[in-house]
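Please look at the sequence and the structure below, and then follow the rings through the text.

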Amino acid sequence: MMQTIDVSVKPDFVSKYKDGYPLISKESIKNWDKVKEEGTLLNLLDEKGKFILKAYHGRQNKGYGWALSTDKDEKIDARYFSKKFKSAVEYRKDFYADESTTAFRVFNGEGDGVGGLTIDYFDGFYLLTWYSLGIYEFKEEILEALKNSVEYKGIYQKKRFDSKGKYLNEKDDFISGEKAEAPIIVKENGINFAVYLDDGAMVGVFLDQKDVRHTIRDKYAKGKTVLNTFSYTGAFSVAAALGGATKTTSVDLAKRSLPKTSEQFRVNKINADTQEIIVEDVFNYFKYAVKKKLLFDMVVLDPPSFARSKKRTFSASKDYVNLLKEAIQITKKGGIIIASTNSANFSMMTFSDFISKAFRELKGKYKIKERFTLPKDFKVLDSFKEGNYLKVVFIEKIK
């Protein structure tokens, strides 16, 4: 077990931590030079030496650690993590009982009490994702706790950290139990998805978009032509096709998107040859669509927060307005644009302002139909609003 040291919180940050803010920043601590190794436990004290909370040191994005407990005497051991996991499982009992959904998030970092760690469930298999060396130092205690808290077929892991905070590609992400088939077929609201637990940083489907896919299939897709940009493995396209879309077009720059999207159609008994799957820079495709005067009933925009290709760099906070303007031009009047971002750097209000600016600059009109944030299994804290990173808006183009 790592050592525990006392650190002093600067007065301006005391009330913030007392109110439940979980992310520990370097600038909030007076004597941070005392903190050396990741995984070190920290007792945060106010200016009078009074205990505020217990945390651990782990570098993740802009943070340097996460809160763990408001009990100074609490031991951060397997029993501690077991309590967290059992509470998380109980919160998601409806997901476990739903036979139409066999893939969901079981433990969502700070939302479930331990920042820097997520656990996803895939039809009996559990996938842990470590976001810092600091939380990884508790690996043995966490694995013991998980094994004591759930029944499982097998356990896998992803390490999303190194000295630069990037994904550590292991030769084998398998930890224990039985190995999963490649792929395993999971369900989400009755939709099948091919998932690979041991094939790089991503598994094949982003679970935080389940409510959006459900809504596309059941409310918006029937009889529509759909353009899915930054399509990854085509999950939105599959949902649209199952909802009765007349045709889907999936566009992504990654070469793997073609076989991966074809596979997702295939496991849902949809002939991929009846759909269009294009390996191309999305912005080049927009130019092509304008030139050919292509118009779609529905356009899905789900870009990464930040991406760099050989010819361009995309940042959601800087470039989303222009992305929307591209989409507006190839959306039919009365059509739907589904604008999505997983950027935690701005709020839903700011995102709504992006939409307003894009239409205003094109002298267009629109109506907001629906908004989505993270689904129930991605539990978030009221005291940590940036943890609710997902923002999705269904926009009707009126003019």
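The paragraphs below go through the aromatic pairs and then the charges over rings.

This is a predicted model, in which local features need pLDDT of at least 70 and side-chain atom pairs count only at pLDDT 80 or more, while totals for chains, interfaces and linings use all residues. Residues are numbered from 1 along each chain as its sequence is written, and side-chain values use heavy atoms, with hydrogens and water left out.

The structure holds 30 aromatic pairs, where rings of Phe, Tyr and Trp (its six-membered ring) pair if their centres lie within 6.5 Å, with planes under 30 degrees apart counted as stacked, over 60 as edge-to-face and the rest as tilted. One of them joins Phe85 and Phe107, edge-to-face, with 5.2 Å from centre to centre and 90 degrees between the planes. Phe85 is buried, at a relative accessible area of 3%, and Phe107 is buried too, at 0% (buried means under 20% relative accessible area, exposed over 50%, partly exposed in between, with a 1.4 Å probe and protein chains only). Ring pairs also link Phe85 and Phe107 with Tyr56, Tyr80, Phe81 and Phe138 into a cluster.

Tyr96 and Phe104 form another edge-to-face pair, 5.0 Å centre to centre and with 80 degrees between the planes. Here Tyr96 is partly exposed at 29% relative accessibility, whereas Phe104 is buried at 1%.

Charges come next. Lys16 lies over the face of Tyr21, 4.2 Å from the ring centre, and Lys379 lies over the face of Tyr91, at 4.7 Å from the ring centre; a charge sits over a ring if NZ of Lys or CZ of Arg is within 6 Å of the ring centre and within 35 degrees of the ring normal.
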